[in-house]
Amino acid sequence: MKFIDLFAGLGGFHQALSSRGAECVFASEVNSTLANLYEENFGLRPAGDIRDVDPAAIPNHDILCAGFPCQPFSKAGDQKGLECPQWGNLFDYVVAILRLKQPRYFIIENVPNLIRHSGGETWSFICEQLREAGYDISFERLSPHMFGIPQKRERAFIIGDREGLNDFIWPLPDSVPKTSIRSVLDDSPPNAHILNGDHLRYLETWQEFVAAFPANQHLPSFPIWAMEFGADYPLDGKTPHARGYRGLEEHMGAFGVPLAGLSPDQVEAALPNYARTKLKEFPDWKIDFIEKNRAFYAEHRGLIDPWIGRIKDFPPSFQKLEWNCKGAERNVWKHIIQFRASGIRIKKEDTAPSLIAMTTSQVPIIAWKKRYMTPRECSRLQSMGTLQNLPNTKNGAYKAFGNAVNVDVVRTIYDALVGANAVEHAAGATVAAE
């Protein structure tokens, strides 16, 4: 079986299919650093921008693999979709190759938001184009943790077969196996990035809060926004910005700071950063979070007030906590941590959070080791642990793994889609050669 690897990145599709005996006859990757690594790891030099490649020059192949750039469809991106001036039209080139070369199969991967983008219109258009190119198609959302890899990272996979998918069944497990991030960790990696003193202080302060919370009550399932402790600026009607930061003299800002006697600029500075939105009204979800935090403070003021002064000088994102460890030991040092713009997120050690390409600041932190995961450890989350050459900078590696497709997930899809047919194809090729 011969395949092509479009938008190849670190070569997740290549690793998966070559491990099943398939041969890569063409690859494309616009990033020159990743293209160099691809050549070093697989002995094949990728073409650059697929838009500069004549589809007729691409070798004939049995399977087209593509993980076209997800930024236009990701929730974390601008969501311009197929109208994105930089990446939006790349899908057209995939379809053009399918129409011209007519490989029997394709496997395409993207973010799950692709299915929901623009109210489903983008997805409907993509499916229509693939069917018009001559394929019976199916799609599913899959995550590595479903197959025993300790990472929750749901992706949308679309598969196609020119001869029909009547017998195809998505390889969904009957039950999700238990996993632990410890299975991908090294004992004492020499190149690990250690938490700095400020980060340790932020976590130690939040640990005091967690430990002081009543043992017979669950910690909140909603994000804890400490800036709302003592605040009572109005949430209904116009936002403070829409009011020109006027008429709030009787209210309290972040951490209960009185707004009386302050100028509009001072009122703005005294409010939580998320309350300075330029929207005319607060969205319902934000009002819900704020009201829950104010009620939480009113109920637990006795334990919060002696502690709250220690957090007031933290950067805003470190004044928020998401405790995603219901029922687990209340010790931040026993879990997995992410520093996010939305706050400090604490998760159980069973799975790592999704690796994200658009930011390298959210690399999982192994709390009990007080360090970030290393690039090599992250490679194992993408089932790329045997990849010999990685990007030579940590940020480059983290970004590349955030963009990568999981090798084991693709391998499982390939087995279900191509499996027996690959054996028949190989047998037929042998007979033809004789």
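## Salt bridges in this model

A salt bridge here is a side-chain nitrogen of Lys or Arg within 4 Å of a carboxyl oxygen of Asp or Glu. The model is predicted, and by this rule the count comes to 18 salt bridges. Let's walk through a few of them. The general idea is simple: side chains of opposite charge can pair when their charged atoms come close.

## Arg-104 and its partners

Start with Arg-104 and Glu-163, whose side chains meet in a salt bridge at 3.2 Å, N to O. Arg-104 sits in the loop between α3 (90-101) and β4 (105-110), while Glu-163 is in the loop between β6 (155-161) and α6 (197-212), so this pair ties together parts that are 59 residues apart in sequence.

What else belongs to the network of salt bridges with Arg-104 and Glu-163? Asp-161 does: the three residues are linked in a network of salt bridges. As for accessibility, Arg-104 is partly exposed, with a relative accessible area of 24%, whereas Glu-163 counts as exposed at 61%.

## A loop-to-loop link

Glu-349 and Arg-182 form another salt bridge, with the closest N and O atoms 2.9 Å apart. Glu-349 lies in the loop between β10 (343-347) and β11 (365-366), and Arg-182 in the loop between β6 and α6, so the pair ties together parts that are 167 residues apart in sequence.

Glu-349 is partly exposed at 22% relative accessible area. Arg-182 is partly exposed too, at 44%.

## A buried pair between strands

Now for a pair inside strands. Glu-322 forms a salt bridge with Arg-345, the closest N and O atoms being 3.0 Å apart. Glu-322 belongs to strand β8 (residues 320-324) and Arg-345 to strand β10, so the parts they tie together are 23 residues apart in sequence.

Buried or exposed: which is Glu-322? With a relative accessible area of 10%, Glu-322 is buried. Arg-345 counts as buried as well, at 18%, because the cut-off for buried is under 20%.

## The sheet around that pair

β8 and β10 are part of an open sheet of six strands, ordered β7-β8-β10-β9-β11-β12, with mixed pairing. At the edges are β7 (224-225) and β12 (371-372), each pairing on one side only.

β8 and β10 themselves pair in the parallel sense over four bridges, and Glu-322 stands opposite Arg-345 in β10. Helix α6 packs on the sheet, touching β7, β8, β9 (336-340), β10 and β12. The direction of α6 makes about 60° with that of β8.

Definitions and conventions. Residues numbered from 1 in each chain as written. Predicted model: local features only at pLDDT ≥ 70, side-chain atom pairs only at ≥ 80, totals over all residues. Heavy atoms only, no water. Helix = DSSP H or I, 4+ residues; strand = E, 2+ residues; numbered from the N terminus. Buried < 20%, exposed > 50% of the residue type's maximum accessible area, 1.4 Å probe, protein only. Pairing = 2+ DSSP bridges. Contact = heavy atoms within 4.5 Å. Axes fitted to C-alpha atoms, helices over the stretch in contact; angles between N-to-C directions.
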